[in-house]
Amino acid sequence: MKRKVLPVIIIAFSLMVVSGLIQAAQLQVEIAGRSPVPADKESVASGVSFTVDPLIQGRFAQAGETAEFEVTVVNTGSSPTDTYELEASSTWPAVLYGPDGSTPLIDTNGSGTVDTGIVISGQAFTIKARVETPPDEVIGDENMVELTITSSISPSLITTTVMQGAIPAPFVQTLYEHSNEAMSLIMSQPNGAWQQQTTPDSWFDEENRFPELAVAETFSGYVYAWTRWWVPGTLWVSEVEYTLTDKAGLNQTQLTKVADHSKAGLNTYDEAPAVAVAPDGRIGIAWYRSIVQNELTENRAQNDNVYLVILDPAGNPITESINLTRNHEWWSQNSPAIEVPRFRAPRIAATRDNHFLVAWESKVMSYTGSITIPVDLNDIYYTVYDTDGLTATNVVNLTSNVLGQDMGSIRPAVSSAGADRILLSWNQRRPREQGGDDIFFTVIDSSGSTIEAPTKLSGKSDNENGLVDWSNFDVVELSDGDFIAAWQAYGCEDYPADTPRLRYAIIKGANYNRAGPPTCLPPRRQVGEPTIVAVGGDEGISLVADNEGRAILTWTDRAARDTEKRQKLYYALIDGNRKLDTYPMVFHQNAPGDDELSTGLQGYGSAPRIYIDAAIALDAPRFTGGVSQAAEFDINYSNLGVVTGTNLAITLALDPGLTYQSDNAPIAPSIQGSDVIWNLPQLRSLEHESFSVEVIVSDSVSIPHSFPLTATITVSGTEASLANNIDRAWLVVARPLYLPMIIKSE
C-alpha cells in the first residue's frame, strides 16, 4: 500500500443554489475526532451556521482515470453572507472546482487559502473535487481526500468531509435500492466498476419490507436470487426468484420463481435464499418456508421447513423442491406446541466432489433441567445431497443445547474446504458466567462425517473483557487453503460499547488451527486520521476470496432505529496474515433522495469474480504480390478476465498452400504439420498483446485463390466464454492488375 504524498492543487470559484440539507452533527457519528466544533455564544448570537453534505463518500478508482466528487455547503445561518475556507489533503493529485465543474477555486478574500467565495444565507454552494488516480496504482492502493471547511466569520465552526478511493479486488455485490425498487449487481474490478440492473423498476414495492438477496459465481456469470413479496388476491406471499447473468451482469435467463404461490390457500412465505455452485456447474438454492394460519389474530400458527432445489448450469430445475426438514407440526405463540421446531438461517455450500451441504438453525420450545416453564432451545442441523438430488446423509443434529431464553447455537455459516469438505461456523450463545458468547467451527466431509470436532474460534484474552461475539455472518476459503470467518462483536476497542462491529479471524487450512486471536476491524489507519465506520454498526457482512490469498469484506450500515438506515456499502481488503491492504471505505451510497438500500444480509451479499476470458482476433492479411511471395498479418490476443491465465497456447492452422516463414512473437513457435503453435507462460488480467506472422504462398496454386487462416487460443482454467477463443480470416491471392499512367511534364 503506497503512502507517497503528492501536492494537492486547489484553485477557483463559482456559485449556485442547490437543495439538500444534512445536520452537521452527523459528523460526530461518522468521523471520530474530526467533528465540527460547536458554535460558541458569540457565533450563535451572530447567526453563523452551515451544513455539509455528504460527510463521507467513496468510490472505486481505476489507474490513470479521474474521479469526480461533489460536496454541497449550505449557509444555514441568519447572517447575510459567509465565505467558507477550504483546506484539503490528498495522496493522489486533486483539484477543486466550482459548481460548473470547469472553474477552479481561488482565494477570493486574501486569507491565504482557497474558498467558496460569498455564499448568501439560505443558499448552497457545490464543490466539485476531481481526483486523479496515478497510472501505476494496483489492487489495494487507496487514497483519502480530507476537505476541511471553515466559516470565515466564525473560524471555530469547522467541518471535515472525506472522499475515498481505492483500486478494488474483483468481486460482485448484490444491491436493492428503494429509489427504483429494483435488484442490481455492482460489478467491481481493477479496470472499473459499474452497476447493472437485473429486474425492472418497481419489482419489489412493498412498503417497510426489503428483499433478501444472494449471489454466487457460475462458470459463465452469476446466479442471483432474492425474495419478492406480493398479494395474490387476499393472501400475502413471498417467493424466491432467480436469474442467471453473464460476467457483465446482463441477464441470460428470464426471472424465474423457485416456487409459485399465486394459488396458495394460506399465507406462504419463502425467505432467506442461499445459493452455491458445484464444480459440475449445477446450482443449489436453499431457503425456508413459513406457512401461516390465522395471521393477525390471537390464534396465529405457523409451520416451518427448509427446502432445497438443484438447477442445471442453464438454470433449469433438476429436482423438485426438496423438503429437508419434513416438519408437519404447527407452532403457536399463544399456545406453543412443545417440541415443534421453527427454522431459520439456511446456508449452503458446495464441495469440490459435487455435493451440497445445507445447514440451518432450529428453535424448539421444550423443558430443560429443573425449569417447569418451557423455553426455546437453539441448535444447528445439516444434511448433504449430491448434485443429482440424492441424499449423502440424513439430517444431522450438530449441537445439543440445554440452555434456553435465547441461548444455544445460532446463525451457521458454511464454506467449501478442500476437495470433499465443508467448514461450518456458528455463534454459541451462553450466559456470561458460563463463558459468554463465542464463535465455533467444525469441518464436515461430503458424506456428512465430522472431520474436525467443534472448536472455539473466538476465545477471549484478559484484554478482551467485556467483548461479546454476538452474531455470526460468513466464512470463506482463501485461495491459499486458509479460511477467514467474520461476525459481529460488541465492545471492540475504539468503538462505542453498544455498537456492533465487524470482527474476524483466520483459520489455517493445514491443521484447522486459529492463526492468532480474532481482530476487530481497525477504525483508522493511524492516530489522528478520520474514522470510517458504518452508522449504527456493521451488518450484512459478506466475505469473498480473490486468487491472491486475500479476503474481500463488504458490509452495510445496521438499520437499528429510524434514524439509522442502510445508506452505504463498505469495503475492506485483508491479506492472509490479517493485515489490511485497503482500510474500511465507502464504495456505494444511496442516490440523492433515496432513504434506504439493502444487500445480502445472510453472508451471500457478494461473490468472487475469479475468471479467465482469453480472446483472439486476426487482422486482415497484408499481401500485394503473387505466388512465391510473402504475406503478413497480425494475431491479437488478450485476457478479458480478471485473473491471470497460465499455459497459454496460440495455434495457427495454415492451408497446405501456405508455408510459415517467420514472426516477431516473444517466443519461438513449434511446427506440427500445418499447425504453428506458440506456447506462452501466462496472460495477465486485462493484458492485450499482438505479433506479426509472415507466410509464403506456394508457387503451385492457381490464382485467384483464397486461403483460410484459423487462429485459436487456449489457457488453463475454466473460461467465462469460449466464443472468442477462435477467429478466422482469408488470405486472397489475385493476379496483379496494372493500370496505365500518363505523366505530363510542364
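About 1300 Å³ of space lies in the largest pocket of this predicted model. A pocket here is an open set of points on a 1 Å grid over the protein atoms alone, with protein on both sides within 12 Å along at least five of seven lines, and lining residues have an atom within 4 Å of a point. Grid points are joined across faces, edges and corners, and the volume is the space filled by probe spheres set on the points. Residues are numbered from 1 along each chain as its sequence is written. The model being predicted, local features need pLDDT of at least 70 and side-chain atom pairs count only at pLDDT 80 or more, while totals for chains, interfaces and linings use all residues; side-chain values use heavy atoms, with hydrogens and water left out.

So much for the ground rules; back to the pocket. Its lining is made of 50 residues, and Glu217, Val277, Ser416, Pro608 and Ile610 are the ones that lie nearest the centre. The top contributor is E30, which gives five residues.

The largest cavity holds about 60 Å³ of space. Lining it are 13 residues, with Ala67, Phe69, Trp92, Val131 and Gly165 nearest its centre. Strand E9 (158-166) is one of the strands with at least two residues in this lining, and E9 gives the most, three residues.

E3 also supplies at least two residues to that cavity lining, and it has a place in an open sheet of four strands, ordered E1-E3-E7-E5 with antiparallel pairing. Two strands count as paired if DSSP finds at least two bridges between them. At the edges sit strand E1 (50-53) and strand E5 (94-97), each pairing on one side only. E1 and E3 (residues 66-75) run antiparallel and are joined by four bridges; Asp53, for one, has Thr72 in E3 as its bridge partner.

Next come the nonpolar cores. In soluble globular proteins, nonpolar side chains tend to be buried together. A nonpolar core is a set of buried Ala, Val, Leu, Ile, Met, Phe, Trp, Tyr and Cys residues joined through side-chain atoms within 4.5 Å, where buried means under 20% relative accessible area with a 1.4 Å probe, protein chains only. The largest core has 47 residues, and Ile285, Ile348, Leu357 and Leu424 touch the most other members. Strand E19 (residues 301-311) provides the largest share of this core, six residues. A second, separate core of 37 residues includes Ile650, Leu652, Val693 and Val701.

Finally, there is strand E32 (residues 501-507). Seven of its seven residues are buried, so E32 is largely enclosed by the rest of the structure. Arg501, Arg503, Ala505 and Ile507 point one way from E32, while Leu502, Tyr504 and Ile506 point the other way. Seven bridges tie E32 to strand E31 (residues 483-490), running antiparallel, with Ile507 in E32 as the bridge partner of Phe483. Strand E33 (residues 519-520) is antiparallel to E32 too, through two bridges, and here Tyr504 stands opposite Thr519.

Terms used. Buried means under 20% relative accessible area, exposed over 50%, partly exposed in between (1.4 Å probe, protein chains only). On a 1 Å grid over the protein atoms alone, a cavity is a set of points where a 1.4 Å probe fits but cannot get out, and a pocket is an open set with protein on both sides within 12 Å along at least five of seven lines; lining residues have an atom within 4 Å of a point.
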